[in-house]
Structures are given as C-alpha cells and as structure tokens.
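Reader: I want to learn how to read pockets, cavities and sheets from a model. Please take me through one case.

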Amino acid sequence: MLALGMLKQVASVTAQTKASSCWKLVLPLRFLGSAPDRFPQDAKLHSTSFSEAEPPRVLITGGLGQLGVGLASLLRKRFGKDNVILSDIKKPPAHVFHSGPFVYADILDDKKLHEIVVNHRISWLFHYSALLSAVGEANVALARDVNITGLHNILDVAAEHNVRLFVPSTIGAFGPTSPQNPAPDLCIQRPRTIYGVSKVHAELMGEYYYYRYGLDFRCLRYPGIISADSQPGGGTTDYAVQIFQAAVKNGTFECNLEANTRLPMMYINDCLRATLEVMEAPAERLSMRTYNISAMSFTPEELAQALRKHVPDFQITYCVDPLRQAIAESWPMSLDDSNARKDWGWNHDFDLPELVATMINFHGARTRITQAN
Ligand SMILES: NC(=O)c1ccc[n+]([C@@H]2O[C@H](COP(=O)([O-])OP(=O)(O)OC[C@H]3O[C@@H](n4cnc5c(N)ncnc54)[C@H](O)[C@@H]3O)[C@@H](O)[C@H]2O)c1
C-alpha cells in the first residue's frame, strides 16, 4: 500500500509539473522553499543579463581538476568574482587561491556541505568531484564512495536548500550495447566501468529527484575534453590533451590507445560555455534533464595528421594500455546532440582544425617563453 501511495504521489508530481508547475503542493515539507524567479520569462539563450536581477551564488565541487578552474573563471566573469566559490580537498595553487573565493569541501562530509551552502547562500551548484574512468578502475571502492555516496550527499543538500544543480555525465555512461555511431540521448546504457555505472546512476537519480522533489537538476554528457592549461585527471581520452605538449616539446608522442580508436572530443571552451548555457536556459526550454553535447570525433591517427600541418616532422608511436583500450572500445564513436541544439540552442565553435591551431599556439607560446627565460 505504501509503495502504491508513493507511486501515485510521483504520478501526481509529474502531472502537476507538466500541467501547471505546482509540484510544491505534494512535496515533503523539508523540501518546500520559494525560489525567486531569477530569469525573465522571455529570457533568451546567450543573452540572459544579470544586471537587473540578483546573480546566482555558485559553488563548484572538485574544482581543482581539469575543468573546475576554467569554469570558475567563466562564471566569475558572468556573475562576479565573489559570487563563485571554488572548492576541493586539495590545496589550491597560489594563482587559483588569489583569483577568488576558495573553501575546503569533501563531498563525503554532508554536514560540511550543508554548512557551506547555508553560510554562503548558495543557489547554483556545479558538482565536478569524481574519480574518472581509468583512475576509478584502479580504485573501485573509492570511486564508489566519491561518485555514488558523494553524489547522494550533493543531491540531498541541493534538494534541501532549493539549489539548482549541474552534474556532468560522460560518453562513459554508454556501453558496448549502446548504439555506437552516433549514440542518441535515450538508448541502452550498460557501461562496464565503475565510472560509467556511477554516471548512469547520477543521471537517473537527478531525474528522479526532479520528478520526486522538484530539484532543478541539469546534466550534460561531456565528450573527452581537451584543455591547454590544465592537466587531465586520469580518463581514457587523456592522450588527446597530452599529445599537444609532447608534439611542441619533443616532436614525438607515445599513444596509449590504438591508432584507429575513434572517440567524441570537445575543446574546453565549448564544454564550459555549454555548461553555463544549459544552466541559464529557461526551464520550459528543457524537454529532458540529461543531454548529449558534441563537437568532433577523431582517432589518434587523424589527430596526428592534423598536428603535422603545424609540426611537419611529428611522429606518433603506439604502446597500447589494454585497460584504457578496452574502455575506449566500449564507448560510442560519436554522440547525437540534436536535442540540445533544438531545445536550448547548443552550438559548438571548435572543430578539429581550430582545436589543433589553438592548442599548438598555446604550447608553442609557452615553450618560447620558457626558452627565452
Ligand atoms: N575531463 C573530461 O574529459 C571529462 C569528460 C566527461 C565528464 N567529465 C566530468 O567532469 C567533471 C570534472 O572533470 P575533471 O576532468 O575536472 O576531473 P578531475 O579528475 O580532473 O578532477 C576531479 C576533482 O575531484 C576532486 N575530488 C576527489 N574526491 C573528492 C572528494 N571526496 N570531495 C571533493 N572533491 C573530490 C579531486 O581532488 C579533483 O580535483 C567530473 O565529474 C567528470 O566526470 C570530465
């Protein structure tokens, strides 16, 4: 009877959400709250202005990894330096510490998370803490704790305090039985890594909290992200970041994936802009809670060829890591992101030639500066 009652309540929440956005009527009391309308009804993507509205107060977890510092920088330009708090369990380098607010936050410490959200009046949370694919396979118990228990803490704190929540998912949330080229938003997802399993769990739990408690959960499945000034954190697509520095410095690179392994990739600026855009999108534009986003797909050999346009003598050799190769082969070669493009106007700026030119310029300039010193 209890289960039947709960199911009826969920159906009622869903129906009311769709019909009149009156879900609060059936929520448990502790989740009731009044979210101020931060955006005008007719707010357009790319053009939402915060000059007249109160900007969100933002917390980024796991912010000292490959993506968090760049996200903080983008959000601080948009919402003001002091409105964006970076957090992690690592000690920040001086330039990060002095660039804006930073706090220690272990996502396994739920009391501390509540304290931060309450004390800093957080209204948006970007949950970046995670153990990535290769690191997760090397330490499954820790990956389970951080990626699953940690996510539960984040979901509860966001629902309790009426916080809009972004959680990134990944191409790793697909598996060998998913359509490979391209993988659509909705399809079979049977990943074979703890990382992928935890991200499918995050997608489903976020969607469940949305229907059950009205949590404003938003999620993008990122491809492999390529950045110039931050190091990757132990994923399967890391080679596509490391190759550029090696090409400029040594003219050679030893790749840990096979030459013909095709994977979806994206330049970091596109990834971070997509993240901000989906968070700013008016709720009525979102027909789903989890979207694929995509920009380009390439193999190590194709990337090496594109690199030779800038470094003609560049040599790539292969020393395949069986763990990473098996993971890569279970992932899709490309993503279908047509729903993101249709619903909230997603569009990437960087294709392979622009990506390679940008990365080579960055590392070339850095090498020249180092040599001059
Ligand atoms: N980088 C990519 O190519 C990529 C692709 C798809 C999805 N993502 C997702 O984007 C997010 C950010 O990725 P990233 O590349 O910056 O990751 P990263 O591995 O570089 O950084 C993750 C951060 O989480 C922190 N962390 C670990 N345990 C923690 C804990 N208990 N409490 C708080 N923080 C903890 C680490 O200290 C680290 O700084 C992750 O959720 C990842 O799954 C990244």
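Reader: What should I know before I start?

Author: This is a predicted model; local features need pLDDT of at least 70, side-chain atom pairs count only at pLDDT 80 or more, and totals for chains, interfaces and linings use all residues. Residues are numbered from 1 along each chain as its sequence is written, and side-chain values use heavy atoms, with hydrogens and water left out.

Reader: How many helices and strands does the protein chain have?

Author: Helices (H or I, at least four residues) and strands (E, at least two) are DSSP runs, numbered from the N terminus. Here the protein chain has 13 helices and twelve strands.

Reader: What share of the protein chain counts as buried?

Author: Buried means under 20% relative accessible area, exposed over 50%, and partly exposed in between (1.4 Å probe, protein chains only). Of the 373 residues, 53% count as buried.

Reader: In what order do the strands of the open sheet lie?

Author: Two strands pair if DSSP finds at least two bridges between them. The order is β7-β9-β11, three strands with mixed pairing. β7 and β11 (296–298) are the edge strands, each with a single partner, so one side of each has no neighbour in the sheet.

Reader: Which way do β7 and β9 run?

Author: β7 and β9 (residues 263–267) run parallel, joined by three bridges. Gly-224 stands opposite Met-265 in β9. On the other pairing, three bridges join β9 to β11, and these run antiparallel. There, Leu-263 has Phe-298 in β11 as its bridge partner.

Reader: Is β9 mostly covered or mostly open?

Author: Mostly covered: five of its five residues are buried. Leu-263, Met-265 and Tyr-267 point one way, Pro-264 and Met-266 the other.

Reader: Which helix packs on the sheet?

Author: Contact means heavy atoms within 4.5 Å. Axes are lines fitted to C-alpha atoms, for helices over the stretch in contact, and angles run from 0 to 180 degrees between N-to-C directions. Helix α8 (residues 239–249) packs on the sheet and touches β7, β9 and β11. The direction of α8 makes about 25° with that of β7.

Reader: Is Tyr-222 buried or exposed?

Author: Tyr-222 is buried, with a relative accessible area of 5%. Tyr-222 lies in strand β6 (residues 217–222). Beyond its neighbours within four places in sequence, its contacts include Leu-67, Tyr-128, Phe-166 and Ile-293. Ser-169 is 53 residues from Tyr-222 in sequence, but 6.1 Å away in space, C-alpha to C-alpha.

Reader: What is the volume of the largest cavity?

Author: On a 1 Å grid over the protein atoms alone, a cavity is a set of points where a 1.4 Å probe fits but cannot get out, and a pocket is an open set with protein on both sides within 12 Å along at least five of seven lines; lining residues have an atom within 4 Å of a point. A volume is the space filled by probe spheres set on the points, with grid points joined across faces, edges and corners. The largest cavity has about 60 Å³. Its lining includes His-127, Ser-129, Lys-199 and Ala-202. α6 and α7 each supply at least two residues of that lining.

Reader: And how many residues line the second largest pocket?

Author: The lining has 41 residues, with Tyr-128, Ser-129, Ala-130, Leu-131 and Leu-132 nearest the centre. About 910 Å³ of space lies in this second largest pocket. β5 gives the most to the lining, three residues.
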